[in-house]
Every structure is written in structure tokens, then in C-alpha cells.
Amino acid sequence: MRSGTAGSQGDWFSRVRGPWLAVALLSTVFLCGTLGYMVIEGWPAWDGFYMTVTTITTVGYKEVHPLSRAGEVFTVVVLLAGVGTAFYTFTLLATVIVEGGLAAQFERRRRRRMLDDIRDHFIVCGYGRIGATIVEEFRRQHVPFVVVERDPAMVQAVLEAGGLAVEADASSEDVLTRVGIDRARGLIAAVGTDAENVYAVLTARVLRPDLYIVGRAETEDAERKLLRAGANRVVSPYRIGARELAQTALRPAVVDFFELATRSGSLELAIEQVAIEPGSALAGRSIIDVNIRQKFGLIVVGIQRAGGRMEFNPPGDAVMQAGDQLVVLGRTDGLRDLEIAATQA
């Protein structure tokens, strides 16, 4: 708790040391000059302020009223103190604007608004080799995402590419709340170590019991721990990579087919999952009754039932129910038409 307070105080002082301090000093000079002329010469407040402005800006106008000797001495003091303070203030403000400080502040505010407005997005914890590949795939498929990463250089790389990123610890409840975990579609824990991934998954599961969470694991022990922490799926990149290497060597044509079907941006063939929404015209009807093959030009590879059971190569009389996920293969235009039919009554 003390460290957080100390950090907030440090941020406050760093802000004050900049342009705000310069503006405060210049305002103090104007105030003291105005009060000085009111007390020494007995002038009204506006005359004192006007005399202070003309003195500090060195515009060369004549005095508002004739000055006494004490007034002349005070004018010299105002001139020496005010010119230096005004020069310092205007130089500092110009530097902030020229070097992009003001633009950077506006950019930070814009990103904060984007974090507040983002919906149905994925939270990607970690932007290493795995996280960068995930983000690239999301970007290709126009899926909204927010990256949580400790390394400021990695965060800057995401921001420069037009993405949303936060420099923070992914296992912090405050951070996950800040990136909109209550509005998120899912979370991917792809930090560099298994321990960090376990903590991130555990924190996310506590905040959102219904959130879909995917965790990255390097060892079998980490897979078990991630599942116990609350991950819905656990992926081992090394194991998947090794299997793909073996399949490429043994069955290159099969690998080429699935790469074509799953490659983002492929216009020839795609494999997707389509959810049957409640009230959909497809709910309660069989595959052959809907005539998916002829009407949409798609092949139903499998049906994942609402309870989680997967039916591979279902027969034509298999009935689709609300909550089922159809795994279909075909062209992208047919997939879009089927997605519309699966959501409309």
C-alpha cells in the first residue's frame, strides 16, 4: 500500500516539476505585481495588473499613473523577476509542444478512452514470440484485443502497430479490470514462464468465472496446474510444433490441406465454427433438412454439442440444437451465409 502511495506522489511531483510549475511561477509574479502596485501606489486592481503585464512583456508603453520612487524600485524588481520567469515558461511550453509532449498526452487519453469503450475483445498476456503471433492473427481477422506486457519496448511496438497495450503485470486484478475483463470475450495467458501464466489464469478466473481462458504451458506439470487454476484450454507450443513437424514429414498433402483451410485471408477454403443461437431457424432441424451442403456449399465436419461432446462426421439426420457449435468446411461466402442463418429466426 505504501509503495502505491509513494508512486502516486512521485507522479504528482514529476507533473508539477514540468510546465505546471512554470505556469504557477508566472502566475505568482503577475499576482505579486498586481498586489504590489495596489499597496505601494494605491492603484485599482486592473491598473496594477495592466502595469505588471506591460512591464513583464516589455512592450514599452508608458506608466498607467506617475510612479513614486518606491513604485519605480518595485517596477525594476517586477521586470527582473518577471522577464526571466516568462522566458522560462514560454520556452518550456514550446519545448513540450515541439517535442510531442502535448500530442503524447492526447494520445494517452485517446487510448484510455479506447480501453473504456472496447467490447468483446481478447486479453493477450505477454507479447513474446507466441504473443506476437497471436496478435498478428487477431489483427488479420479483425478481432479486437488488448496486450498486457511488462516490457516497455514490447508495449511500444504494439502501440506503433496500431494496437492497444498496457505496460503492467498480467496477474494484477487492477490491471485486468483496467483492460476490461468484465467485457472481454476471452483471455490468453502467453507470458514467458509457466508460473506467471498460472497466476494470470487464476486471477482472471477469480474476476470472471465465465470467461474463456487459454493458457500456454511448457511442461506437463504446468498443463495440470493451468487447468486447476481455471484455464478452459491449455496449449503447449513445443508439443504442437513437434507434431506438425512429424505430420509434415509423414503426410505433407494433409498438412497443406489444413494450412489452406486455416490460413487467415484464404479465399479458396476455410474451416470455421458456427454457433447455433437460441431461436435460430436451424435449431431443432437436421443437417439434411436444412440442406447445408447444397444451400451453402459447406461440409459439416463435426458438431460440438452444448455439453461439450464432439460428434465427428455427423450423419445427415443429426439434429442441430441451440448451443451447438458446427465445425464446417467451405468457402468464406458460404460460411458468412450460414452464420447469418444460425443467428436469425
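Predicted model: local features only at pLDDT ≥ 70, side-chain atom pairs only at ≥ 80, totals over all residues.
The largest nonpolar core of the model comprises 29 residues. Within this core, the residues with the most contacts are Ile123, Val146, Leu187, Val201, Ala204, Leu211 and Ile213. Strands and helices both contribute: at least two core residues come from each of strands S1 (122–125), S2 (145–149), S3 (164–167) and S4 (186–189), and from each of helices H7 (173–178), H8 (194–207) and H9 (220–229). Helix H8 provides the largest share, four residues. Apart from this core lies another one, of 18 residues, which includes Ile276, Ile287, Met320 and Val328. In soluble globular proteins, nonpolar side chains tend to be buried together.

Leucine 211 is among the residues with the most contacts inside the largest core. When neighbours within four places in sequence are left aside, the contacts of leucine 211 are Ile181, Ala184, Arg185, Gly186, Leu187, Ala204, Arg205 and Asn232. Two of these partners, Leu187 and Ala204, are likewise listed among the residues with the most contacts in that core.

Nonpolar side chains also occur on the surface, where Leu31, Leu35, Met38, Val39 and Ile40 form a patch. Together these residues have about 460 Å² of accessible area. Leucine 31 belongs to helix H1, which covers residues 2–40. The relative accessible area of leucine 31 is 52%, so this residue is classed as exposed, the cut-off being over 50%.

Helix H6 (residues 152–160) has three buried residues, Val155, Val158 and Leu159. These lie on the same side of H6, because the arc that they cover around the axis is only 100°. An α-helix has 3.6 residues a turn, so residues three or four places apart point the same way. Ala153 and Glu160, on the other side of H6, are exposed.

The C-alpha atom of glutamate 167 is 8.7 Å from that of methionine 154, the two residues being 13 apart along the chain.

The model contains 16 salt bridges. One of them joins glutamate 196 to arginine 150, with 3.4 Å between the closest N and O atoms. This pair links distant parts of the chain, since glutamate 196 is in helix H8 and arginine 150 is in the loop between S2 and H6, 46 residues apart. Both partners are partly exposed: the relative accessible area is 24% for glutamate 196 and 48% for arginine 150.

Aspartate 182 counts as exposed, at 53% relative accessibility.

In the salt bridge between arginine 309 and glutamate 311, the closest N and O atoms are 2.9 Å apart. Arginine 309 is exposed, with a relative accessibility of 52%, whereas glutamate 311 has 17% and is therefore buried, the cut-off being under 20%. Through salt bridges that share partners, Arg305, Arg309, Glu311 and Asp324 are joined into one network.

Methods:
Residues numbered from 1 in each chain as written. Heavy atoms only, no water. Core = buried A, V, L, I, M, F, W, Y, C linked by side-chain atoms within 4.5 Å. Buried < 20%, exposed > 50% of the residue type's maximum accessible area, 1.4 Å probe, protein only. Contact = heavy atoms within 4.5 Å. Patch = residues over 30% accessible without salt bridge, like charges linked within 9 Å, V, L, I, M, F, W, Y side chains within 5 Å. Areas by Shrake-Rupley, 256 points an atom, 1.4 Å probe, with all protein chains shown as cover. Salt bridge = Lys/Arg side-chain N within 4 Å of Asp/Glu carboxyl O. Arc of directions from axis to C-beta.
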